[in-house]
There are 2 protein chains.
Amino acid sequence: MGIVVQKFGGTSVADSECIKRVARKAIRCKEEGNQVVLVVSAMGRSTNQMIALAREISANPSPREMDMLLTTGEQVTISLMAMALEDMGHSAISFTGGQAGIVTDEFFGKGKIRSIDTKRMKEKLDQGNMLVVAGFQGITHEGELTTLGRGGSDTTAVALAAALDADVCEIYTDVDGVYTTDPRVVPNARKLEFISYDEMLEMASLGAAVLQPRSVEYAKQYDVKIHVRSSFNDSLGTIVREVSEMEKNVIVNGVAFDTRVAKITIAGVPDIPGVAMNIFNRLAKENINVDMIVQSNHKGDVNDISFTVSTSESKVALTVMEELNEVLKAQGISFDDTVSKISIVGAGMQSNPGVAASMFEALAEADVNIQMISTSEIKVSCIIAREEVQEAVKALHDKFELERK
Amino acid sequence: MGIVVQKFGGTSVADSECIKRVARKAIRCKEEGNQVVLVVSAMGRSTNQMIALAREISANPSPREMDMLLTTGEQVTISLMAMALEDMGHSAISFTGGQAGIVTDEFFGKGKIRSIDTKRMKEKLDQGNMLVVAGFQGITHEGELTTLGRGGSDTTAVALAAALDADVCEIYTDVDGVYTTDPRVVPNARKLEFISYDEMLEMASLGAAVLQPRSVEYAKQYDVKIHVRSSFNDSLGTIVREVSEMEKNVIVNGVAFDTRVAKITIAGVPDIPGVAMNIFNRLAKENINVDMIVQSNHKGDVNDISFTVSTSESKVALTVMEELNEVLKAQGISFDDTVSKISIVGAGMQSNPGVAASMFEALAEADVNIQMISTSEIKVSCIIAREEVQEAVKALHDKFELERK
């Protein structure tokens, strides 16, 4: 008998009717002959409501107490889900993260899973129970409650699937799989049957918000097969797994884009060692995530350095850069928070030269100007004006014929 | 430095403003030189809301999953309270029941405290922290979450005070102490400065809903001084503690009454051994709490048996009795759910004959008919018609001159 881990997010368990629907889905999986482990998030917007309540009390609540507060959200869902399963005639048992044996490090609010002791889960599964485990949380060796940070429920599900040696980790979402690009932008976008971990990682990091990047990294590391599928129907979704040699022939698998991007350029910084280090150390100290970085030397002894950040961090980044402009005796800062990043992703790219050129050609034909370029082994990203994103996505989707299988 | 345990119920922590008010009260206690342990309940009506949510999912949720659900209520409050204390500049740390070392037996929904390991609490107190402990909950040896049943937060507070050898356990309520009777009925009712555990127990069991009887039993057992006081002002309340010999001279200390009472009589049951056993075993099986029982033999070979139950259980009790009427070949059931119980309580009663007679005299003078009588060492209770309760309470309060100290 195989083990299936099923993860349902907050919108899938938003009220009692939703919880019953999920319970029925899980029971079908059990009746097909599987041992079932559900991983669930907090109901609907309850986490946000708790955060708002904490802010009423304190502008700067301690991470330990925030975790003490937020872990209650998933605990409510697991109890209700177990009740629903029992009410439908199936024995079920709920586990907090700690009861499931999920031990994390001591970093409140962003705990990392250290180990999972599966003894109790296996015992309860073997007794015929369905398990319902609280996502997003764990316990330290000292018994402190921790949360795993953003997207933590996906990570919980993948980590449990790895620890329990599950056949598959099913992640239920409000979309029915991973598409070649956003179907709202390109109506003939195609649902992918398979995608590799690396491609999924790039797609996720690039704005296709189906899976949290950390959970994909975890799945890759422990070779966990992920099935991304819809919580609203029973059709098959997209399988994320190791790519086969044959599939490396697929050059481009998807077009991703992210419109929450700001570009900052510091012009005319002295062309001496240590300047880039200065800039990016300073940004790192402010906890600002820098994405693309481009340096160009155009006047001999000075350089222009451009980089992109998320729009949510762009104001802080701009303040930092204006201070540095003084210190570095540079020639000024330019700032643009009306740009977007557009990317093509494909595992076959590394063995197929000319893919980047095709991308630039498609964008040129669509009259889209490229402001920055960055490449990795399996993706090419360009920064363009935000108002041109939709047109650019369509152009690339057409160029690489992604609507065809 | 002494330890003070302060317990605040749901209405005292109903929203963020209430929580801040409680935090300020606790900080004053700390600044007076005490080590402070707060015990808090779930916010306002959140427990009832969770129960309603569970009922939407299942008509009969398992006690284990109910405890998994309900323990989140106190966990929310402890985190917010610790945030409030920290925000006001005091180091604070919240503990779930389990983290506070409160180990219970395995009876979900009505767990009893087995032991409290105070090591971690003492360590954190000695480091200068204020502690905030979740009331109403504990953990089993196997790591299961349990609740202590009704009024459990009072019990948590008293148990912690006993385990930590606290100077006092302060129970904050919406009244400012224990009165000779309900001040809403008798305006010159007097706040008692002291009351003994036994008297408090009788008062509590008899309807004066200031403290849960179980917490008073616990306090008596471990000799914990309880201070019942108002969460809305700073005036002294009532101290509950062991009675001194001198105080045994006080004959009657209070008048208690309970209007949620129903009386059931089964008439003409055969006067043979085992009949009463039959009746009350059968009621116990239905989990019905029988309070007063009176048996009278009036026709030689048959008896009438009367007893009282809470109005909330009277319908079930009536059904059981109608079945038994057939089985026992009795002469019929009479039922009255418009009665009330009125009681006088006093530790000195046992050494002062004639107290019961004075009570009956007072009721007769007020033209109140007595339907049933029951006595214990420190109380006399009568069943009377509900519409005569207020008059009867006033008559007894006057008779025993309870307005005088």
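Predicted model: local features only at pLDDT ≥ 70, side-chain atom pairs only at ≥ 80, totals over all residues.
View 1. In S12(A), which spans residues 238–241, A:Thr238 and A:Val240 make up the covered face, whereas A:Ile239 and A:Arg241 make up the uncovered one. In a regular strand the side chains alternate between the two faces of the sheet.

**View 2. The strands that pair with S12(A).** Strand S10 of chain A (residues 194–196) pairs with S12(A) in the parallel sense over three bridges, and A:Phe194 stands opposite A:Ile239 of S12(A). Strand S11 of chain A (residues 226–230) runs antiparallel to S12(A) and is joined to S12(A) by three bridges, with A:Val228 standing opposite A:Thr238.

**View 3. The contact between chain A and chain B.** Each side is listed by chain, with 27 residues from chain A and 27 residues from chain B taking part. On the side of chain B that touches chain A, the elements giving two or more residues are helices H1 (16–31), H2 (46–57) and H3 (63–87) of chain B, and H3(B) gives the most, with 14 residues. This side of chain B comprises 13 nonpolar, nine polar and five charged residues.

**View 4. The relation between the two copies.** Chain B is superposed on chain A by a rotation of 179° with 0.0 Å of shift along the axis, at an RMSD of 0.2 Å; the two copies are thus related as by a two-fold rotation axis. Within chain B, the C-alpha nearest the axis belongs to B:Thr72, 2.7 Å from it. Because 100% of the interface residues of chain B are also interface residues in chain A, the copies meet through the same surface.

Definitions and conventions. Residues numbered from 1 in each chain as written. Chains lettered and ligands numbered in written order. Contact = placed C-beta atoms within 7 Å. Helix = DSSP H or I, 4+ residues; strand = E, 2+ residues; numbered from the N terminus. Nonpolar A, V, L, I, M, F, W, Y, C, P; charged D, E, K, R; others polar. Least-squares fit on C-alpha atoms with pLDDT ≥ 70 in both. Buried ≥ 20, exposed ≤ 12 C-beta atoms within 10 Å, placed from the backbone. Pairing = 2+ DSSP bridges.
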